[in-house]
Amino acid sequence: MLAKGFTKVDALDPGLYSDILAAGGLVSVMELTAGKKGLDLGQLYSDYASGPGLLATAELNSSRGRASIQLDSQSRTFYVAIQGQGFTWAEGATEDLNDLVEALAAWRDGVSVDDFTGRFPFMMPGRLARAHDSGDPVPDQWNWLRTDEEFSEERPLVEAAYADGRFGDLFPSLSHGALRLRSMDAQNGAAEVRITPLSGGSYRVDNPRLLDPTVADSLRQALTVASEVLSGDG
């Protein structure tokens, strides 16, 4: 997943990226730079098999998400986005290849979000990055959904689930008006439920393990069903 601002992958301008073209692409030049500095970037690769994308993009994996790097076509700029599962760790852009490589090596080494953005100010942390870094992003996520004007239409559903008392330890998210609640250590769809408002004041409750969703006549009933579904998954 690339950060906002990444441009369409075009042919590289030799005037901007002669070093990258000479090395055979972004992956190769990053490997060479890391080798000269004695830094470990792990296995670099591109999602493209050929064409400009193979020259202008690179990916690497870490214990804290996937880093995607792409070149700008109008100026010598390296765009970077580090994505976790459903959130952004950090994103930014730099003109300096050395800074790029040093930043990604530091991230792979496990530097904290605050230290990372302090050492590499061109990288900006995502909204939940520090909360994930601390090991407990759930309170911050609940607070965001309960207070941000963006979610005013879904506020009654969010507030009811939060006030219920049975879901405070679960990570909430909203998509198309539906509230999704999941355990942070859930694997393969376990301990997850979704509550979707329907017309007429009813609600649909479902999760990946249910063959057929349950339709509840009220929000209170929907929350009870959701709790029972989660108990069955635990």
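Me: Which residues of helix 8 are buried, and how are they placed about the helix axis?
Reply: In this predicted model, the buried residues of helix 8 are Arg155, Leu157, Val158 and Ala161. An α-helix has 3.6 residues a turn, so residues three or four places apart point the same way. Viewed down the axis of helix 8, the buried residues fall within an arc of 165 degrees, so they line one face of the helix.

Me: Which exposed residues does helix 8 carry on the face turned away from its buried side, and what residue follows the helix?
Reply: The face turned away from the buried side of helix 8 carries exposed residues, namely Pro156 and Ala163. Helix 8 is then followed by a residue whose phi is positive, near 95 degrees: Gly165.

Me: Across which strands does helix 8 lie, and at what angle does it run to strand 7?
Reply: Helix 8, residues 155-164, lies across strand 6, strand 7, strand 8 (192-197) and strand 9. Helix 7 (residues 138-147) lies across strand 6 and strand 7 (178-182), and it runs at about 35 degrees to strand 6. For helix 8 and strand 7, the angle is about 30 degrees.

Me: In what order do the strands of the open sheet of 5 strands stand, and which strands are at its edges?
Reply: The open sheet has the order 6-7-8-9-10, with antiparallel pairing. Each edge strand has a single partner strand, so one side of each is left without a neighbour in the sheet; these are strand 6 (171-175) and strand 10 (214-216).

Me: How many bridges join strand 9 to strand 10, and what is the bridge partner of Arg204?
Reply: Strand 9 (residues 203-206) and strand 10 run antiparallel and are joined by 3 bridges. Arg204 has its bridge partner in strand 10, and that partner is Val215.

Me: Is Ser173 buried or exposed?
Reply: Ser173 lies in strand 6. Leaving aside neighbours within four places in sequence, Ser173 is in contact with Gln141, Leu145, Ala178, Leu179 and Arg180. A residue counts as buried under 20% relative accessible area. Ser173 has 19% relative accessibility and therefore counts as buried.

Me: Which element supplies the largest share of the largest nonpolar core?
Reply: The largest nonpolar core has 37 residues, of which Leu26, Met30, Leu41, Leu104 and Phe116 touch the most other members. Elements that each supply at least two residues of this core include helix 1 (14-23), helix 2 (26-37) and helix 4 (97-108). The largest share, 8 residues, comes from helix 4.

Me: Which residues does Leu104 touch?
Reply: Residues up to four places away in sequence are not counted here. With that condition, Leu104 touches Met30, Leu41, Leu60, Ala67, Ile69 and Val80.

Me: How many residues lie between strand 3 and strand 4, and which residue in the turn has a positive phi?
Reply: Strand 3 and strand 4 run antiparallel and are joined by 6 bridges, with Val80 opposite Gly92 in strand 4. The two strands form a hairpin with 4 residues between them, and the turn residue with a positive phi, of about 85 degrees, is Gly86.

Note on methods
Residues numbered from 1 in each chain as written. Predicted model: local features only at pLDDT ≥ 70, side-chain atom pairs only at ≥ 80, totals over all residues. Heavy atoms only, no water. Pairing = 2+ DSSP bridges. Contact = heavy atoms within 4.5 Å. Axes fitted to C-alpha atoms, helices over the stretch in contact; angles between N-to-C directions. Buried < 20%, exposed > 50% of the residue type's maximum accessible area, 1.4 Å probe, protein only. Arc of directions from axis to C-beta. Core = buried A, V, L, I, M, F, W, Y, C linked by side-chain atoms within 4.5 Å.
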